[in-house]
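User: Please take a close look at a single part of this model. Where does it pack, and what does it touch?

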Amino acid sequence: MMGPAFYIAAAIAVIATVMVITRYNIMHALLYLVVSLLAVAVVLYLYGAPFIAALEVIVYAGAIMVLLIFFVMMLNLGKESAMQEQRWLKPRIWIFPSLLCLVLLGELVFLISQNHQPPSEIKVVDPKAVGMALFGPYMAAVELTGILLMAGIVGAYHLGRQKEKTLHRFLEN
Amino acid sequence: MLPALIPIIPFISAFLLMLGWKRLSRIAVAVLGCGSIGLAAMVAVITAIQFAGNSEQAIVQHAASWVLAGTFQAGIDFRLDALSVVFVLVITVVGFLIHVYAAGYMHDDPDYARFFACMNLFVGAMLTLVMADNLLLLYFGWEGVGLCSYLLIGFWYKDPANGYAARKAFIVTRVGDTAMAIGLFMLFQYTGTLNIPDILGKSPQLWTTGAPVVTTIALLLLGGAVGKSAQLPLQTWLPDAMAGPTPVSALIHAATMVTAGVYLVARMHVLFELAPLAETTTAVIGAITLVLAGFSALVQTDIKRVLAYSTISQIGYMFLALGCGAWSAAIFHFVTHAFFKALLFMAAGAVIVALHHEQRMTKMGGLRKLLPGVYGVFLVGCASLAAIPFVTAGFYSKDQIIWLSLSATHGHVALWLAALLGALLTGMYTFRMFFLVFYGEAKTAVHHRPGKSMMIPLYILAVLSTIAGFIELPHTMGHVTLFSNWLHPVLPAVTVINDSNAMEWTSQAMSALLAIGGIGLAYAWVVLRPKGMSDFLEMPAIDWLRKYWARGWDFDYVYNILLVHPYIHLSRMNRKDLVDKLYTGLAALMEWCHNVLARTQSGLLRWYIMAVVLGAVAVLSVLIWRIYI
Amino acid sequence: MHPTTAGMLLAGVLFVLGLISILVRRDIIFMLLSVEVMLNAAALAFVVASAHWGTADGQVMFIFILAMAAAEVSVGLALILQLYHQLKTLDSDEAAKMNG
Amino acid sequence: MILLVLLIVLFAAALLSWVAGAKSHAACRWIALCSLLFNLGIVIRIWLAHTAISGRWWYQYKVDWVPHFGISLHLAMDGLSLLMLALTFFLGALAVLISWKELQTRVGFFHFNLLFVLCGITGVFLTMDLFLFYFFWEMMLIPMYFLIGIWGHEHREYAANKFFLFTQAGGLLMLLAILGLYFVHAANTNVYTFNYFELLNTPMEATTARWLMLGFLVAFLVKLPAVPFHTWLPDAHTEAPTAGSVVLAGLLLKTGAYGILRFVLPLFPAAAAEIAPLAMLLGVAGILYGGMLAFAQTDLKRLIAYTSVSHMGFVLVGAFAFNEIAYQGVVMQMITHGISTGALFIIAGALYERIHTRNLWQMGGLWLRMPLMGSAALIFVMASLGLPGLGNFIAEFLILLGSWPASHLFTILATIGLVIATAYSLRLMQKVFLGPCDRQYAMRDLNGRELVIIISLIIAICWLGFHPQPVLNTTQNTAYVIR
């Protein structure tokens, strides 16, 4: 009972993700990932979560991906890295992981298709309800998430600092 | 006089000799070693005279308490009755003579003190054995003499062969001791005591004649006796035991220790009377042993081995007598045998020393002129051993056994025939040895004549070997029963069926004729050497038979193949302990697992993820399988 | 198709694609990227479930995942930077040399 | 109180000797020796004061430790404990004496460990609280591990690890069993206690009892050691320094036997009776198998170690015969084996000091050079083959006499063990002291210090052989369990 919008978005998401995982150039991959994320945002919207869709666009596609892009640009990897990637990604390397993952996918599909819930329409959950839940029963988790982000910031700062001496003293020589 | 003193004196002297092994001079050692036995002999004689006044009543002395555990009780209690008095007298008197002889014989040995310490220890242990009032103390003496036998056979320890002989003696007798120990456990289980008089008193009430339990017990005790007395099938140690110094062979392996089995059976005669099967077994073992050992003695070349096999054979006679219920006859033969066999051993020792430690008879000969003293006593000994009628002690004791093996209640014609065959063999091997040593031409120079201390004991024993027979004469010839009367309070008289003078005369005549015939054969074989005889002896079959007998009927070979070699090989194979392999194997498995798992920790991120995925697939598969299939 | 099933299938497909990628890639940035794909797929599943039951919990979870992804990316990038400085490469297998 | 003194003296002496060891080796040795002799004196005084047949428990000392869990510092002494303690301090003192010259490295720490082991052993023999028992049981382990691992011979680390793993595995099973018993008792009576006397009559199902009994039994069998748990012993004995071997053979093995008598049989009489045939089978297997292995060894200390396996088999046979005579024999065997095997190890150590080898093929004819040592060895070899007149005979005879009614077959097999004992004992004597000697240089015979040690051991073993009554009387009251 899903409309064509869903199928189109889903198709874009899947194709874009396939493109992500097959690119040699990191930049291309990132851009495809942004596309994939945007498509997922549409799907999210279709599932009655407009607030989440917005978050997906703003935070995921907008912030996180952009952070990655800037990072890659900062490392200035260029052509060589793409060549390297090409050398590493020989066809036969794909075989076993793909088979394994397909098995996993098969199992997932099997499990999902065993859904015996009565078919129900998509229920829209408005952002207010999300906000009430966040600051109601999930209060503690929100606080913890805040701490996690804080730790992330501190950690990133600490790790990202360029030090004169980067080796641990045990690793010297 | 206290009976306990008799065994204690040798023990004390042994202890002193051990303490003073370095400080005591040779003379002091000899005085202490011989003096203690002499003292013990004096005490024994005095005690025996006292005892003779009232020989119905045994003297029991409680020296000390020993073990008291639960219901089990055993003390260090000594008992003198008619039987033990006989043994004590023989042990101390013959022991003393042998000690005196040994003082001369061992004079040049550097370990003089050790020798006498062991000898005294032996006499003490042997006296304890025969004077013990309970079987535990008897067992103490029993093992004690085994130890001394071990120490003295291996006295010249530098030669590994002596050590081997010593170990063999100890282990083989220990096999018999094991049977005996089990017999003791059974006795204790049923009678609740190991006190000999109590056991003998209780057993007729406990068991009917032929009851399986008492038969088993008697057979187990017989096992112990067989081991100690070198009877079939545990006789193999005795010929090898000749590795010890000659006085040791005379004292331990001829006169005293090897007759401990005879003592044991006689002492426990009540049990054997209740178990006819055991009695028959005893008689059969004795008969077979005396014949087999006789054949072996016939073909030995080593003078001491001849005597060793002859000892086995003579003890076979004693067992035969015991098995026929002729208790006092067995003991009588023990007494005479102790005299003449000690005499023969010591005389042989004198010859050996004279010929510079030459034991092979093929190297001897013509000593009649060179060693006339030894020749005389040796002749007396041989005559007694071969049982030359009327003048020798051996005749009276052996003749009694031969006659009783036919006429006693447990007697049998087959036993009698075996005994007669034994008489023939005895005459033959004894005089073969005698002629080989003293006749013919001299092959080795005499370098050392026996001194007085060696010869005097020989003369005394020669006298004893002659006159000792007259204390018990068959009733066809004077009917003197001093000895059996003496033993009567302890050992019941033999019951004789089909008793007739004519038959007894026949038996005596036959045994005498056979003995003399044997001597004649030996004379022909060794001295005359007719052509036909030497041809006969060189036939391959006969030659093979000779070698076979010389090897002691291959008992050693069979035991080696069946028991000794498998045990040694099995234990050598398992030297590293198979069970340990279980644990080292477990450790190796753990180490292998560790290595395998350690390899998975490669540090390669992709492998880790792969493992996670595999895990996820596995978990989901299990989930699906459990829920949906 | 049932909407919940469809959404879940999409989430599953995206997740497995991310998984394949992380298995075959050696470049550590690509691996990070793949993790993002997988996280996103998981988050999508939550929202689909939320839509199915009509409750807010799924969306709350999405927000948490989002926050976690942000933290992860920032720390992860910092780590990659360090690694790059140390090893002069982005090959994750090279990092195996860092063991003990 | 006096019981606590025994422990405290050893513990204090252990610490003191460690401290003193840094300054002066002699001081540390004297401290160790004096403390052990002091304790020996106390024990002998107690013994003399209690020869009359009085109540079973002579001393009790009990202080709550963790009352909440029912743990208390509960010490008690009866005849069995007393004898074991006397043996402990006697052999302990000898162990100090034999190390007097042999041991020159890290002397302070060595004596600390030695005294600490002895302290643990003392605790094991005294404690009547199962928690505390486990505590002492483990306390014996670690210093012993160091004794083997630091001062041992060439493969010491392997041996020490093996020893530790085996005994630790057994100990953990025992811990499980102790806890199981604790909770079973609590479930049935609502009283949480580790007190031995209260646990004695715990009602429980037969199956539970069987499993708990097995837990205890396996720990003790490993320590004893019984076939097939014996393989740690030859390694540990061989590699340990002489003092370590003496303590191991003389005392540590006895804790296993003691545990069977004190815990397995009284706590689970029915279950123990049920398993008796199997236990006797293991005992007999130990006697025969250990004897056979001993016969094949080429390493002197290893040979002696396997004789321990053989001799401790008798303990197992006797303990599960459920017969008073056999029990008395078992106690005798524990003591006499401690003395005779300890003495053989001391002789092996003295030999090693002189000729620097333990290989039997490189010995022979040493009687010529060292007649005193040879005579001493002869006496203890004879003891080990069960010659009457020496203590071991009384022990083995009583065990066999007592176990005969329990099982004819096993008794017969165990008696055959005496023949095997003869074989290996005489082989030892032959290979070491008899035969030809190719060593031309002079070797000194036993010196004064060694003579004191050996003569005291000879006196002890002869005394036990001729007058075992004091020992038998002391344990008479200690009826462990009579079916």
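Analyst: Axes here are lines fitted to C-alpha atoms, for helices over the stretch in contact, with angles from 0 to 180 degrees between N-to-C directions. The model is predicted: local features need pLDDT of at least 70, side-chain atom pairs count only at pLDDT 80 or more, and totals for chains, interfaces and linings use all residues. Residues are numbered from 1 along each chain as its sequence is written, while chains are lettered from A and ligands numbered from 1 in the order written.

The part is α6(B). Its axis and that of helix α7 (residues 196–206) of chain B come within 11 Å. They cross at roughly 65°. That makes α6(B) roughly perpendicular to α7(B) (65 to 115 degrees). α6(B) supplies B:L187, B:Y190 and B:T191 to this contact (C-beta atoms, placed from the backbone, within 7 Å). From α7(B) come B:D198, B:I199, B:K202, B:S203 and B:L206. By class, the contact of α6(B) with α7(B) has 4 nonpolar, 2 polar and 2 charged residues.

Now the chain contact. It takes 36 residues from chain B and 39 residues from chain D. On chain B, β1 (59–69), α5 (135–153), α6 (160–191), α25 (555–573) and α26 (578–600) each supply at least two residues of the side touching chain D. α6(B) gives the most, with 13 residues. That side of chain B divides into 19 nonpolar, 9 polar and 8 charged residues.

How values were computed: Contact = placed C-beta atoms within 7 Å. Helix = DSSP H or I, 4+ residues; strand = E, 2+ residues; numbered from the N terminus. Nonpolar A, V, L, I, M, F, W, Y, C, P; charged D, E, K, R; others polar. Parallel < 35°, antiparallel > 145°, perpendicular 65-115°, else oblique.
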